[in-house]
Amino acid sequence: MDVRMLTAAEVAGGALLESALDPVSLREPLLIVDLDGADGATARAAAARMAAWGSPALGVCSGAIGPDLAPLAAALDLTYAPAETADRSVVGVPDLDRARTDFLACVRRCPQASYIAAQVLRASENLPPDAAIDVESLAYSTLQGGAEFGAWLDERRRLGRPLPPPPETAPVLLSAEGDTLRITLNRPERRNAYGTALRDGLVEALRTAIMAEAFDRIVLDGAGASFCSGGDLDEFGHTPDIATAHLIRTRGGAARLMARLADRIEVRLHGHCVGAGIELSAFAGRVVAAPDTVVRLPEVAMGLIPGAGGTVSVPRRIGRWRSLHLFVTGIALGAEQARAWGLVDEISEGAGPEA
């Protein structure tokens with residue numbers, strides 16, 4: 001698959017419209033737009049043209065993204081520049097060429113999932129959480145029927161791993177102290193993977209929190225070495241069909257409840273927070289992370305997108321642009337960077353599991 005590269009001036013001049021009407025562009029995994037040398041008028045004209053483009057569009061700029069370039073950066077799906085700024089549409093990288101090459105390589109490995117991730121982030125950006133969760137799940141179901149996830153699942157099945165055993169103890173614990181309800185993920189032997197048993201236990205706990213009006217504060221943490229290692233991979237591919245899976249994700253999952261409880265809930269992260277581990281946490285009104293916290297969203301490399309609410313919760317904290325960077329690259333984010341971007345609110349030694 002080839003990659004189309006245009007300057008901001010070429011986009012502003014109409015080259016993008018010509019590309020959008022070219023059937024060959026459907027086979028291109030990524031459009032790269034060079035922002036260097038563009039003035040304010042060019043950037044604004046190019047930004048207006050971006051509405052005609054459907055594929056992921058990556059901006060690159062060797063200088064600072066100032067007010068003149070901001071409209072174009074906002075219209076793109078992601079922009080790499082040398083320096084990090086408060087502008088959430090920009091990801092600062094030490095090596096522009098390396099960042100662009102690495103991003104393109106990830107897109108080429110799973111072009112369908114990358115394309116749909118960008119589409120979902122754009123489509124749901126201004127939707128209320130419940131509607132955005134539905135959009136995410138419909139896209140996730142689409143990808144479950146795709147070749148990219150199928151290849152990942154075939155490889156996984158070749159490992160011959162059985163379904164995980166049922167938990168020997170309660171997968172989620174509840175304790176109350178005054179007006180505080182503590183919810184603890186309690187499958188440390190599986191690094192609190194968001195499998196069926198833990199999901200159902202968490203949903204029940206969150207419903208309890210909603211119905212029990214005595215609790216003004218809810219604290220969610222995890223037992224063991226990691227807060228939550230994401231979806232239990234050994235359960236993937238075992239739902240009866242993708243339509244049923246959609247209903248389970250949207251009506252039987254925790255995302256809607258976390259969004260509803262956002263004003264009252266604090267999540268305490270530690271260790272690995274992968275996939276659902278950070279997707280659900282990002283809904284919370286307050287997220288506190290231990291210094292050893294590592295965040296990662298690996299679903300696109302599996303031929304999927306985040307499916308536990310992450311295309312809704314994460315961009316509402318860090319913007320759709322940096323979210324796409326995390327989704328497509330699957331890069332690990334440490335606690336300090338997560339705090340700098342706003343994915344967590346505080347770093348504290350006390351955020352780990354209670355002794």
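What volume does the second largest pocket have? In this predicted model, local features need pLDDT of at least 70 and side-chain atom pairs count only at pLDDT 80 or more, whereas totals for chains, interfaces and linings use all residues. Residues are numbered from 1 along each chain as its sequence is written, and side-chain values use heavy atoms, with hydrogens and water left out.

The second largest pocket has a volume of about 270 Å³. It is lined by 18 residues, of which Val91, Gly92, Val93, His325 and Ile331 are the closest to its centre. Two or more lining residues come from each of β5 (90-92), α5 (96-109), α14 (320-329) and α15 (335-341); α5 has the largest share, five residues. Helices (H or I, at least four residues) and strands (E, at least two) are DSSP runs, numbered from the N terminus. The pocket lining divides into eleven nonpolar, four polar and three charged residues. Here Ala, Val, Leu, Ile, Met, Phe, Trp, Tyr, Cys and Pro count as nonpolar, Asp, Glu, Lys and Arg as charged, and the others, Gly among them, as polar.

On a 1 Å grid over the protein atoms alone, a pocket is an open set of points with protein on both sides within 12 Å along at least five of seven lines, a cavity is a set where a 1.4 Å probe fits but cannot get out, and lining residues have an atom within 4 Å of a point. Grid points are joined across faces, edges and corners, and a volume is the space filled by probe spheres set on the points.

Two cavities of 30 Å³ or more are found in the whole structure. The largest cavity holds about 50 Å³ of space, and its lining includes Leu185, Tyr194, Phe227 and Cys228. Helix α12 (276-281) and α9 each give two or more residues to this lining, with α12 giving the most, four residues. Nine of the lining residues are nonpolar, two are polar and none is charged.

The second largest cavity also holds about 50 Å³. Among the residues lining it are Arg187, Arg190, Asn192, Asp232 and Glu235, and the lining divides into three nonpolar, three polar and four charged residues. Arginine 187 lies in the loop between β7 (180-185) and α9 (196-211). Arginine 187 counts as buried because its relative accessibility is 6%, the limit being under 20% relative accessible area (1.4 Å probe, protein chains only). Leaving aside residues up to four places away in sequence, arginine 187 touches Pro165, Pro166, Pro167, Pro171, Asn192, Ala197 and Leu198, a contact being heavy atoms within 4.5 Å.

Note on methods:
Buried means under 20% relative accessible area, exposed over 50%, partly exposed in between (1.4 Å probe, protein chains only).
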